[in-house]
Amino acid sequence: MSMETPLHRVQGLGASHSGVKHFWRQRMTAAALVPLSIWFAWAVLGLVGAGEAQVLGFIARSLNGPVAIPLNAILLGAFIVILLYHMVLGLQMVVDDYVHHNGGKIFLMLFIRAGTFAVGAVSLYALLTICRTV
Amino acid sequence: MAPRARPLSPHMTIYRWPVTMATSITHRLTGIALSMGTLLLAWWLIAAASGLEAYQTFSHVAASWPGQVVLFGFTWSLAFHLLNGIRHLAWDMGYGFDVPTANRTGWLVIVLSVLLAAGAFALAYAGRGGFNA
């Protein structure tokens, strides 16, 4: 049994039990994705018709400086991670709106999160592999 | 006495769609489509990391006409979700929430998203893409 008073438990959290966390994270990831997706569109348009070697070269390209930073790979990685976070938040809204069976809701969310984790892990692994081999 | 049929609330097939309703539903649909699109993004990266043969398979599928249709859908979905997302962020900060402005920006987002997607494909087909290669 909790020693918290019901008032303390609910303060600032409301009916969702998580307060405005979901709303706020969805907005923050959206704001970050505005410049990142514009950069991604520019990057991909710039790789239309490119062969494998040129694509690898672009992804692993390092900025020259005291420390060589693979900026494109870093931006791609950031784009993918933030995009997937935003995606899970968005898909959760769809599930919350249309799936009314609690078990189905839990199953679908587990499925979505597992799938998202797989996509993210595979993509980041590919990025690392590219950076290490080029 | 038989109960009278209760009045039903009008639904999507009954309403005359205001543009704000269309953009709202399209925002959600493009979001779901883009979620599917992350699979393509993962495929592109894993193919690039897996060697020439795997990448050529990807390129071949991407260049085929069904591949181009899917990629155009992906491009337009991204353009729409990005532009309409900016509209949503503006609303969240309290700008443009009155009905005439929301209607105007709704049409603006629709027109601009088509122009952006078509423009990107026009550049690509005119050989103006590939500048990062």
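1. Burial in chain B. The model discussed here is predicted. Of the 133 residues in chain B, 25% are buried. Residues 24 or more positions apart make up 72% of the contacts in chain B that have a separation of 6 or more.

2. Fold and extent of chain B. Chain B contains four helices and zero strands, and from the N terminus on its elements run α-α-α-α. The radius of gyration of chain B is 21 Å, well over the 14 Å that the globule rule gives for 133 residues, so chain B is more spread out than a compact globule. The C-alpha trace of chain B spans about 75 × 40 × 25 Å along its principal axes.

3. Helix α3 of chain B. This helix covers residues 65-92 of chain B. Its 28 residues, at 1.5 Å a residue, should span 40 Å, and the end C-alpha atoms are 40 Å apart, which agrees. The buried residues of α3(B) include B:Leu71, B:Thr75, B:Phe80, B:His81, B:Asn84 and B:Arg87. What covers the buried residues of α3(B) includes α1, α2 and α4 (99-125) of chain B, together with α2 of chain A. Just after α3(B), B:Gly94 takes a positive phi of about 95°.

4. Fold and extent of chain A. Chain A has five helices and zero strands, in the pattern α-α-α-α-α along the sequence. Its radius of gyration is 20 Å, well over the 14 Å that the globule rule gives for 134 residues, so chain A is more spread out than a compact globule. The C-alpha atoms of chain A fill a box of roughly 60 × 35 × 25 Å along the principal axes. Of the 134 residues of chain A, 22% count as buried. Residues 24 or more positions apart account for 65% of the contacts in chain A with a separation of 6 or more.

5. Confidence in chain A. The average pLDDT of chain A is 91, and 98% of the residues score at least 70. Where in chain A is confidence lowest, and where is it highest? It is lowest in helix α1 (residues 6-10) of chain A, at a mean of 75, and highest in α2(A), at 97.

6. Helix α4 of chain A. The 28 residues of α4(A) should span 40 Å at 1.5 Å a residue; the end C-alpha atoms of this helix are 40 Å apart, which agrees. Among the buried residues of α4(A) are A:Asn72, A:Ala73, A:Leu76, A:Phe79, A:His86 and A:Gly90. The buried residues of α4(A) pack against α2, α3 and α5 of chain A together with α1 of chain B.

7. The side of chain A that touches chain B. How many residues of each chain are in contact with the other? There are 32 residues of chain A in contact with 28 residues of chain B. On the chain A side, the elements that give two or more residues are α2 (21-45), α3 (52-60), α4 (71-98) and α5 (102-133). The largest share of this side, eight residues, comes from α2(A). By class, the side of chain A that touches chain B has 23 nonpolar, seven polar and two charged residues.

8. The nonpolar cores. The largest nonpolar core has 29 residues, of which A:Ile59, A:Leu127, A:Ile130, B:Leu45 and B:Ala48 touch the most other members. At least two residues of this core come from each of α2, α3, α4 and α5 of chain A and from each of α1 (19-49) and α2 (52-63) of chain B. Its largest share, nine residues, is supplied by α4(A). A second, separate core of nine residues includes B:Leu34, B:Leu82, B:Leu83 and B:Val109.

9. Two residues of chain A. Leaving aside residues up to four places away in sequence, A:Ile59 touches A:Asn72, A:Ala73, A:Leu76, A:Leu127, A:Ile130 and B:Ala48. A:Arg61 lies in the loop between α3 and α4 of chain A. Is A:Arg61 buried or partly exposed? A:Arg61 is partly exposed, because 17 other C-beta atoms lie within 10 Å, whereas a buried residue would have 20 or more. A:Arg61 and A:Arg113 are 52 residues apart in sequence and 32 Å apart in space, C-alpha to C-alpha.

Conventions
Residues are numbered from 1 along each chain as its sequence is written. Chains are lettered from A and ligands numbered from 1 in the order in which they are written. This is a predicted model: local features need pLDDT of at least 70, side-chain atom pairs count only at pLDDT 80 or more; totals for chains, interfaces and linings use all residues. Two residues are in contact if their C-beta atoms, placed from the backbone, lie within 7 Å. Ala, Val, Leu, Ile, Met, Phe, Trp, Tyr, Cys and Pro count as nonpolar, Asp, Glu, Lys and Arg as charged, and the others, Gly among them, as polar. A nonpolar core is a set of buried Ala, Val, Leu, Ile, Met, Phe, Trp, Tyr and Cys residues joined through C-beta atoms within 7 Å. A residue is buried if 20 or more other C-beta atoms lie within 10 Å of its own, exposed if 12 or fewer, and partly exposed in between; C-beta atoms are placed from the backbone. pLDDT is the predictor's confidence in each residue, from 0 to 100. The expected span of a helix is 1.5 Å times one less than its number of residues. The radius of gyration is taken over C-alpha atoms; the globule rule is 2.2 Å times the number of residues to the power 0.38.
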